[in-house]
Amino acid sequence: MFLQLLINGLVVGSGYALIAVGHTIIFGMMKIVNFAHGELYMIGAFFTFSFVLLFNNYYIGFLVAMVICILIAIFSEKVLFHRLIDEDIMTTTLITIGISIFLMNIVQILWGANPRTIPQPFSEKPVIIGDIFITKPRIFIFFTAIVIIGVLHWFIKYTKTGKAFRATFQNRQAALLVGININYIYTLSYTIGATVAGAAGGLLGMIYVIEPTMGVAAVGKAFAIVITAGKKSIYGAIFIAYGLGVIESLGSGYISSQYKDVFAFIILILVLLFKPEGIFGKKGA
Amino acid sequence: MNINSNIKYIIGILLLILLPFLINNEYLLHLLIMGGIYTLLVSGLNLIVGYIGQLSLCHPAFFGIGAYTTGLLFKRLSTPFLLNFLLAGIITAIISIGFGYITLRVRGSAFIIMTVSFLHIMHLLVLNEVDFTMGQKGISGIPNINILGYNFNTKTSYYYLILILCLFTLFIIYRLVNSEIGRAWKAIRDNENLAKSIGINVFKFSNFAFVSGAFIAGLAGSIYAYYINYISPDLFLFSITTTLLVMLIMGGKGTILGPVIGAIIFTLLPEYLRFISEWRMPVFGVILILGILFFPRGLFSIKEILSMKMKKKEVSS
Amino acid sequence: MSLLEVKNLTKTFGGLTAVDDLTFNIEKDEILSLIGPNGAGKTTTFNMITGFLNPDRGKIIFNDIDITSKEPHNIAELGLIRTFQKTNIFPDATVYENIKLAHFKSSKYSILDILIRNKKFNKTEKRIKEKTNEIMEYFNLSEEKDKKAYNLAYGRKRILEIAIGMAASPKLLLLDEPVAGLNPKESKEVMELIYDIRNKGITILLVEHDMSVVTNVSDRIVVINFGEKICDGDCEYVTSDEEVIKAYLGDDIDA
């Protein structure tokens, strides 16, 4: 039972990690409290759904959906999000709430509200190890998430653009001084963050129902993770995301499944009360 | 207030009193009653968002707590209206004191997230504690208001009740805003550090605004439960937060009449744009975005914005 | 008894000692200047005295009351009022409203008084209005009464800041570089104003990095460098102190 719950938790945690990574990047880089972040997750799921049906192939459908996500991300960053950098928090929050409502309801009109799942390309037979059951899409989701996070890590750590990215993330003024093109970095960061969230939608949509309101629930969790981890900690957010997935899974197994969504917020409130800078955050940062 | 504007207000109030005789349209009257309930909600939300400058997204939770207090008191104890009504306000206020005590220590993004979380948790509680709240089914069969034998069984009677409540609330808010308390609120909004350094207890005054807003929302929730005779967990949905924000932003935050204008217009407008009914929420989203970008002081500041532009032109030319 | 006593005040930020065992006091009715080169720990000291920062060690006593680590608003309540190094006003309010807002401490009525608007309320409001006009008159701001504060010229903003401080009825007024960014003429005006305020019975603590600005008005000068006090005495004594000259020469080369 425990191992089963642990593994389920890690799979859910992979999804949280992908959403939260993007959220941390956008929050830390652009100081935008992005309520519309969950909508990219939702849109990623819906586009994957439609393109998988269209091409009758999950992998092609998923990749095409990601290309669309990238285009949407670039467009929305250039048109809207770019203007929100350095605006006060009330303004940016209200505008991103507006975007979130708009996207959610547009999807509701275009696709309809009835829940569905993305058709998955694997055989129905689960993998059984001892008394643990794991379905194949879950294995796929877990390892794909690891690969995405690995690529992201490689990009940030070892590429030239990644270095500029890190510099801007830590100190924008200094980045400007050394001649980094921060507008390019902003567009890039937003696009990466949004697309990774979209990928989470395209992946998790195989094992969960997709519906227009899924983004709202997801963004709540992403916020909880980012603030719990500490606003500027990308790796902290990944760690907390997996942790939260496990806690939720264990909590719903041993305590109550109806209240599994509450754990994130209880943790958040405790963190804000006792360590407001976040678990991995630095004081005064 | 000079005599001239006093007369304007008196004429306005007289018109509102005569309105049920003038319109003779049950449905329109219903919309006006709902507009009144929204006026109470948005005016309360305005205290924390408009005057303190902290974005609270959990206001519908206080409305819902007020409505559920009333519904449950009636279902379990059959207590009379006046008691239910007052308890709805008081219990809501007590809960908001507890919540505010924890959350108003933080500002900005953390506060915003905590308020969303609170709304979400309240929604889950009401949905899942079926034995206590009846879950998704909601509570039906709440009777009409009865005060000392007088039964509120017409729309007109509710209209007048809401009208009195709105005028009374606005009057109190007006007096608060134009006093030391209102000045402290604005000081906190404009410059928190300077407010502290002239002796303003930021935590105390933020809490007072937050709790006052919650108290009003609780009362509004109670009236709503009696008026509609039915309540459900849908009262805790985030879409209500959105509606309230659209009303507040477009009406003009940080003003006394702004919330009234926003509430009335955005209650009536969607009903008269029925043909786009399924587009209502996306349109609200766009309105919110455009409103914030172009009319941060509300639609009715257009005059002010235009005159400022003219002045700028004069200066530049 | 001194009006303000600062004893062994210490503050470190991540291993860096910003203020080190600092002790000084301010007598009633004097103008004391706290000076030192940039980064000497002046503003940190200021923030600790006014409750915006908690010291790691040391005591601050104001008017016989221990105010160490009290909340800023409690400290202000006692009559210790500060201004900020970077201009700090209520930008969206008019000049008149700015000064009226700052009278917060003087309105002592209850919520009930506010709601029924009784005699007590009206009398208090009238008094605040009069005092606001008085202060505007004193600071020569009456003509710009209805201007939004953010529209004021920079020099006028700095005057408004001091006016806000005065409106909060200080016993001790702490001014953090009130003439920074002003031209010599404006700067002289502000200094004369400060001198005059002292003559109204308000004690003044002035923080400044430019020594020449304060030598004319100060009764006493405390010099700090790298968080430590290096000199304490009247103007003549301080300006001839070797260590002070050394600290300032170093500063001049940087600047």
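Leaving out neighbours within four places in sequence, Trp185(B) is in contact (heavy atoms within 4.5 Å) with Leu47(B), Tyr51(B), Ile52(B), Leu176(B), Val177(B), Phe205(B), Phe208(B) and Ala209(B). The structure is a predicted model, in which local features need pLDDT of at least 70 and side-chain atom pairs count only at pLDDT 80 or more, while totals for chains, interfaces and linings use all residues. Residues are numbered from 1 along each chain as its sequence is written, chains are lettered from A in the order in which they are written, and side-chain values use heavy atoms, with hydrogens and water left out.

Trp185(B) and Phe139(C) have the most contacts inside the largest nonpolar core, which has 251 residues. A nonpolar core is a set of buried Ala, Val, Leu, Ile, Met, Phe, Trp, Tyr and Cys residues joined through side-chain atoms within 4.5 Å; buried means under 20% relative accessible area, exposed over 50%, and partly exposed in between (1.4 Å probe, protein chains only). Helix 2 (residues 26-52) of chain B gives the largest share of this core, 15 residues. Helices (H or I, at least four residues) and strands (E, at least two) are DSSP runs, numbered from the N terminus. Another core, of 26 residues, lies apart from the largest one and includes Leu9(C), Leu34(C), Met48(C) and Val222(C).

Chain B meets chain A through 35 residues of chain B and 30 residues of chain A. The area buried between these chains is about 3000 Å², with carbon and sulfur atoms giving 87%; buried area is the accessible area (1.4 Å probe) that two parts lose on being put together, summed over both. On the chain B side, Ser109(B), Ile113(B) and Ile289(B) lose the most area to chain A, together 17% of what that side buries. Between chain B and chain A there are 0 salt bridges, a salt bridge being a side-chain nitrogen of Lys or Arg within 4 Å of a carboxyl oxygen of Asp or Glu. The elements of chain B that give two or more residues to this side are helix 5 (109-128), helix 11 (238-251) and helix 13 (280-294). Helix 5 of chain B supplies the largest share, 12 residues. The side of chain B that touches chain A divides into 23 nonpolar, 9 polar and 3 charged residues. Here Ala, Val, Leu, Ile, Met, Phe, Trp, Tyr, Cys and Pro count as nonpolar, Asp, Glu, Lys and Arg as charged, and the others, Gly among them, as polar.

Between chain B and chain C, 26 residues of chain B are in contact with 32 residues of chain C. The buried area is about 2500 Å², of which carbon and sulfur atoms give 64%. Arg175(B), Arg183(B) and Ile198(B) supply 28% of the area that chain B buries against chain C, more than any other three residues. The count between chain B and chain C is 1 salt bridge. Arg183(B) forms a salt bridge with Glu125(C), with the closest N and O atoms 3.1 Å apart. Helix 7 (155-177), helix 8 (180-190), helix 9 (192-197) and helix 10 (202-228) of chain B each give two or more residues to the side that touches chain C. Helix 8 of chain B gives the most, 6 residues. That side of chain B comprises 13 nonpolar, 7 polar and 6 charged residues.
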